[in-house]
Amino acid sequence: MPIWLQAGLWGLLAGGALVVGAVIAWFVRVPQRVSASVMAFGAGVLISALAFDLVDEAETKGGLVATALGFLVGASVYVLANAVLARRGARHRKRSSEHQPSEEDQQGSGAAIAIGALMDGIPESIVLGLSLLSGHGVGVPVLAAIIISNIPEGLSSVAGMKGSGRSARYVFGVWGGIAVASGAAGLLGCLLLQNAAPELIAGITALAAGAILAMIADTMIPEAFERTHLYAGLITTLGFLTAFVISRAG
């Protein structure tokens with residue numbers, strides 16, 4: 001099977017974890033504290049993957065300068081885009097409580113939430129696709145981190161969507177579309193960069209990593225802390241340790 005097709009399938013699998021979380025939240029009333037706790041755990045998992053896999057690998061292959069520049073650019077672009085979407089109603093897209101506005105509250109907020117959710121997931125799929133270019137198969141620690149974190153992301157966000165009156169058609173249309181887009185992002189990232197220089201791949205990996213870290217700080221950690229408060233730090237630490245163990249065991 002071609003590497004680019006494998007990348008697409010792995011991206012689809014990772015994006016599908018969002019749909020799993022969405023299904024759970026739609027049919028089961030998950031307590032907000034539980035949802036926030038799982039979100040904190042997922043944030044720790046992703047931070048570990050960034051620190052020990054993505055950024056480290058980018059620096060090894062492309063050097064410190066390319067990695068640092070890509071990391072800063074990725075975070076900056078994400079923050080700017082997130083600021084624009086926040087003004088259009090997507091500020092609380094990962095919140096499980098009734099923070100999310102309905103379409104009646106703010107016209108166009110549904111589209112903004114959908115675009116924001118897509119923006120959150122694309123960098124993760126790109127780094128999955130790029131991990132295959134090493135010739136050693138998909139990066140298992142990164143894949144595990146994305147899947148573990150995507151389930152609570154989908155769970156928490158859909159709980160908020162349901163609370164704000166969004167329809168099942170809208171909710172599952174958004175998350176199903178994001179799963180497909182995640183697969184496409186992984187496929188295209190691998191296909192377009194298959195023969196790229198190591199420095200370019202490192203820069204793009206670092207760019208995606210910077211965007212992911214900004215997303216964690218801007219959207220996941222606030223939801224986690226709002227409901228778990230003093231326990232958020234410990235739960236995040238457990239997520240970090242879990243991913244670290246997976247990374248070293250692999």
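Reply: The crossing of H1 and H5 is right-handed, a label given when the near helix is turned clockwise from the far one by less than a right angle, anticlockwise being left-handed. The model is a predicted one, in which local features need pLDDT of at least 70 and side-chain atom pairs count only at pLDDT 80 or more, while totals for chains, interfaces and linings use all residues. Residues are numbered from 1 along each chain as its sequence is written, and side-chain values use heavy atoms, with hydrogens and water left out.

Two packed helices are described by the angle between their axes and the distance between the axes. Here the axes of helix H1 (residues 3-27) and helix H5 (residues 140-163) come within 7 Å and cross at roughly 35°; the axes are lines fitted to C-alpha atoms, for helices over the stretch in contact, and the angles run from 0 to 180 degrees between N-to-C directions. Helices (H or I, at least four residues) and strands (E, at least two) are DSSP runs, numbered from the N terminus.

On the H1 side, the residues that meet H5 are Trp10, Leu13, Ala14, Gly15, Ala17, Leu18, Gly21, Ala22, Ile24, Ala25 and Trp26, where contact means heavy atoms within 4.5 Å. Their counterparts in H5 are Leu143, Ile146, Ile147, Asn150, Ile151, Glu153, Gly154, Leu155, Val158, Ala159 and Lys162. By class, this contact has 16 nonpolar, four polar and two charged residues, with Ala, Val, Leu, Ile, Met, Phe, Trp, Tyr, Cys and Pro counted as nonpolar, Asp, Glu, Lys and Arg as charged, and the others, Gly among them, as polar.

Asn150 is found in helix H5 and counts as buried because its relative accessible area is 2%, buried meaning under 20%, exposed over 50% and partly exposed in between (1.4 Å probe, protein chains only). Not counting residues up to four places away in sequence, Asn150 touches Ala14, Gly15, Ala17, Leu18 and Glu124.

Trp26, also among the H1 residues that meet H5, forms an aromatic pair with Phe172 that is edge-to-face, at 5.8 Å centre to centre and 70° between the planes. The rings of Phe, Tyr and Trp (its six-membered ring) pair if their centres lie within 6.5 Å, and planes under 30 degrees apart count as stacked, over 60 as edge-to-face and the rest as tilted. The pair links distant parts of the chain, with Trp26 in helix H1 and Phe172 in helix H6 (residues 168-192), 146 residues apart. Trp26 counts as buried because its relative accessibility is 16%, whereas Phe172, with a relative accessible area of 26%, is partly exposed.

The loop between H1 and H2 holds Arg29, which is exposed, with a relative accessible area of 83%. The C-alpha atoms of Arg29 and Ala159 are separated by 8.2 Å, although the two are 130 residues apart along the chain.

The protein has eight helices and zero strands, buried residues make up 48% of its 250 residues, and among contacts between residues at least 6 apart in sequence, 84% join residues at least 24 apart.

The largest nonpolar core has 33 residues, and those with the most contacts inside it are Leu46 and Ile216; such a core is a set of buried Ala, Val, Leu, Ile, Met, Phe, Trp, Tyr and Cys residues joined through side-chain atoms within 4.5 Å. H1, H5 and helix H2 (32-62) are among the helices that each supply at least two residues of this core, and H7 gives the most to it, with nine residues. Leaving aside its neighbours within four places in sequence, Ile216 is in contact with Ala43, Leu46, Ile47, Leu50, Ile221 and Pro222.
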